[in-house]
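Please read them with the structure open.

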Amino acid sequence: MEFEFPAEAEQFREELRAFMDAELPDWWKGLFHDDDRIYPFTREFCMKLAERDWLTMSWPVEHGGVDADVWSQMVVREEMWAAGEPRGPQYMSLNYIGPMLMEFGTADQQERFLKPMAAGEVMWCQGFSEPEAGSDLAALSTRATDADGCFLVNGQKIWTSYATAADWCLLLCRTDLGERKHQGLSMLLVDMNTPGITVRPIDSMGGPQEFNEVFFDDVEVPYDCLLGPRGDGWRVAMSTLAHERVGAALHARVKVLLDALIEYATTTKDENGQPLATRPSVRSGLVRLQARYRAARLLCYRVVSAMSAGDANDVDPAVSKVFSSELNILIGNIGLDIVGARGQLRTGDGLAPLDGLMNDHWVHSIPQPIAMGTNEIQRNIISQRGLGLPR
Amino acid sequence: MDLMLNDTQEMIRDGARRFLADSLDPDSVREVEASADGVNAEIWAQMAELGWTTLALPTDIGGGGAGLADLCVLAEELGRAAASTPLVATAGFAATFLQAVEPTAVTRDLLSTLATSGAVITPALIDAVGRDERSASSSVLFETDAGTTISGAKAMVPYASVARVLLVSLTTPDGESAVVAVNRDAAGVRWTRHGATGGDPLFHVEFDNVEVPADSVLARGRAAERAIEAGLDAATILATAEAVGCCEGMIRLASEHASSRQQFGKVIGSYQAVSHRLADMRINTDACRLLAAETAWMLDQGHDARLEVAGTKVFANEVIVDMVHAAHTVHGAIGYTTEYDLQLYTRRARAFCLSHGDTDAQTERAAVALGL
């Protein structure tokens with residue numbers, strides 16, 4: 001075992017930080033805020049990353065990458081997530097939509113879709129969840145039927161992040177009625193500008209930008225936009241979803257918050273003139289968070305190590321996802337307790353401690369155990385595939 | 001960055017697992033626990049012969065030249081087998097301590113004893129009236145023209161009855177701390193075994209005017225404290241790896257039970273109230289293992305790892321206490337019986353959480369290292 005990033009990767013981290021310091025505008029607070037400037041900015045930002053070969057660096061050269069080692073790729077994941085993910089939705093293209101196309105796409109599809117992804121020119125969203133198909137994803141009912149030389153899609157997706165800005169949608173839908181619900185699903189690549197698609201934002205605790213409903217009303221999708229075998233969409237979806245679970249370096253944001261909390265606790269005095277950091281509960285809270293931050297980071301790195309050794313499994317990404325997302329919840333709550341009553345005040349309020357950082361994190365931590373496969377589903381994966389327990 | 005076991009570590013794991021499967025079963029664990037010395041003496045002797053107990057000692061004194069990280073792989077296997085060996089005390093504490101003090105003829109002699117004979121050298125740090133290893137000692141070192149003597153008593157000394165040498169922390173009449181190597185057979189040393197929860201046999205050791213050679217005082221003052229810290233850091237991480245092995249034992253038994261026990265017409269492992277507890281045990285055990293491995297690696301590299309050692313112990317204490325009860329809950333009443341194997345693991349795991357720095361003590365150490 002070896003617990004150090006390669007020197008080149010660390011050097012690259014410095015370069016990337018300098019680039020981000022220069023490129024991130026003062027108003028940038030993170031991806032999910034109520035601000036119309038966000039998506040146009042992320043598109044511009046991704047194109048600049050692409051110019052430097054930093055957007056899809058771990059992809060093979062033939063698909064617009066530079067075959068970078070996995071640890072340089074991890075540096076990008078960490079630095080981006082730490083900064084509130086200024087790539088916008090494009091981390092999904094990099095982490096699993098692109099790799100899915102490489103695994104299942106035709107030569108034409110690869111040519112058509114991968115290059116624009118690598119150039120940072122295109123935003124994708126993921127059309128999986130439906131009102132009646134959340135954790136039970138295979139119960140989805142959006143239908144693609146055969147019409148004149150194309151599929152005709154009808155149905156509804158929900159909790160679709162980035163749908164207002166996305167150019168394309170990775171759509172899992174039902175093309176055929178199989179004997180089992182996992183059969184008859186297919187993966188379609190859908191142009192979001194096709195007539196019949198309606199996107200309706202859902203106002204959520206995280207603001208108006210975070211989630212959407214997407215309605216499909218007789219949407220024509222050409223047959224050449226079927227990804228992978230017809231009726232085999234479940235396998236296509238599952239093949240790369242494990243990548244998604246470590247694709248966002250959830251631990252990286254924890255480090256930013258932890259450093260901010262340590263600084264706050266050592267420099268803020270309580271009513272007796274003592275730094276908050278002298279309180280046993282504060283000391284205990286920060287120590288617990290620090291150890292868990294290390295563990296979250298290592299659990300994520302373990303998945304990447306295994307992938308690069310060709311020894312990947314389904315269980316370790318689930319372990320990493322549960323641990324990291326629950327750590328994000330924990331630091332939100334410990335952090336709010338440390339900043340105290342004024343932790344209720346939102347970003348932008350002059351009296352909000354740390355400019356509302358903990359308040360903002362707490363809100364955005366709520367979906368983490370739910371997104372990317374709920375933690376209950378992850379625990380099913382761990383107990384069934386990892387420990388051999390019956391379904 | 002590479003979190004996969006390397007070839008050496010895989011060899012240690014596979015070799016130790018095979019060896020322990022062949023030589024130790026739960027019944028023999030029970031026999032050892034009931035014996036006077038409480039140690040798997042034959043296993044320790046064979047491990048010494050195989051070079052495993054001296055794996056992390058430098059090659060120039062006959063060790064294997066490997067690191068604490070490699071030793072952790074062995075410790076986990078010992079934990080899985082619920083073996084009672086002085087690996088943590090001897091290869092963890094004593095070996096590290098003896099390399100951290102100013103080298104003398106005595107320390108060289110003790111290290112070569114460790115390297116060649118499988119001898120047990122064990123720490124005697126917790127004062128009979130003290131809270132833990134780091135509390136001030138009321139046992140006293142007297143140095144006069146007539147000779148050097150020690151007096152006092154130590155609690156919870158592991159493996160004292162089979163030890164050749166005890167590394168005893170003391171205070172001089174001037175209030176300076178010191179560590180003295182005491183032959184366990186020296187006149188005036190008496191030991192009685194504690195009844196205790198865990199798998200390591202612990203002894204109350206009294207020193208009644210024990211005469212020791214003047215050069216057996218191995219370190220004094222800050223140097224003594226620093227060497228004790230170094231020894232405790234290594235022992236803490238090694239003990240964590242051993243506890244991870246106990247957790248693996250708990251997970252194995254609980255998974256087997258949950259996969260076979262039926263209630264309400266179904267195997268209980270199909271209920272998520274049960275299976276999700278087990279998933280959490282898997283998650284937290286993996287986290288403990290990785291924290292211990294990274295910390296061991298840092299110590300091997302010579303990095304300052306005070307924060308990491310203490311933080312690892314705080315985390316392990318917290319999650320292992322929960323795991324103990326989760327494992328018992330999954331088992332129901334059967335897990336509480338002595339004829340069932342679960343208690344072999346859960347007692348060891350719970351004792352670990354109180355040893356090598358309890359949560360309060362390690363939280364404070366970590367907080368200071370974190371700059372709080």
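**Notes on the predicted model**

1. Start with helix α5 of chain A, residues 107-118, which has 12 residues. From its first C-alpha to its last, α5(A) reaches 16 Å, close to the 16 Å expected at 1.5 Å a residue. Keep in mind that this is a predicted model.

2. Which residues of α5(A) are buried? They are Phe113(A), Leu114(A), Met117(A) and Ala118(A). These residues lie on the same side of α5(A), because they cover an arc of only 130° around the axis. On the other side of α5(A), Asp108(A) and Glu111(A) are exposed.

3. What covers the buried residues of α5(A)? The cover includes α2 (38-51), α4 (90-104) and β5 (185-191) of chain A. Just after α5(A) comes Gly120(A), with a positive phi of about 75°.

4. Next, the contact between the chains. Chain A puts 40 residues into this contact and chain B puts in 38 residues. On the side of chain A that touches chain B, at least two residues each come from α7 (250-267), α8 (280-308), α9 (315-339) and α11 (375-386) of chain A. Of the elements on this side, α8(A) gives the most, with 16 residues. By residue type, the side of chain A that touches chain B divides into 23 nonpolar, 7 polar and 10 charged.

5. The largest nonpolar core has 240 residues. Those that touch the most other members are Leu188(A), Cys72(B), Val180(B), Leu238(B), Cys247(B) and Met250(B). Helix α7 of chain B, residues 221-260, gives the most to this core, with 19 residues.

6. Cys72(B) deserves a separate look. Leaving out residues up to four places away in sequence, Cys72(B) touches Ile237(B), Leu238(B), Ala241(B), Ala292(B), Ala293(B) and Ala296(B).

7. How is chain B divided into domains? Domain 1 of chain B covers 7-119, domain 2 covers 122-220 and domain 3 covers 223-369. The C-alpha centres of domain 2 and domain 3 of chain B lie 29 Å apart.

8. In the contact between these two domains of chain B, 15 residues of domain 2 meet 15 residues of domain 3. On the domain 2 side, β5 (177-183) and β8 (217-220) of chain B each supply at least two residues. The largest share of that side, 3 residues, comes from β5(B). The residues of the domain 2 side divide into 6 nonpolar, 5 polar and 4 charged.

Note on methods. Residues numbered from 1 in each chain as written. Chains lettered and ligands numbered in written order. Predicted model: local features only at pLDDT ≥ 70, side-chain atom pairs only at ≥ 80, totals over all residues. Helix = DSSP H or I, 4+ residues; strand = E, 2+ residues; numbered from the N terminus. Expected span 1.5 Å × (residues − 1). Buried ≥ 20, exposed ≤ 12 C-beta atoms within 10 Å, placed from the backbone. Arc of directions from axis to C-beta. Contact = placed C-beta atoms within 7 Å. Nonpolar A, V, L, I, M, F, W, Y, C, P; charged D, E, K, R; others polar. Core = buried A, V, L, I, M, F, W, Y, C linked by C-beta atoms within 7 Å. Domains from an automatic or database assignment.
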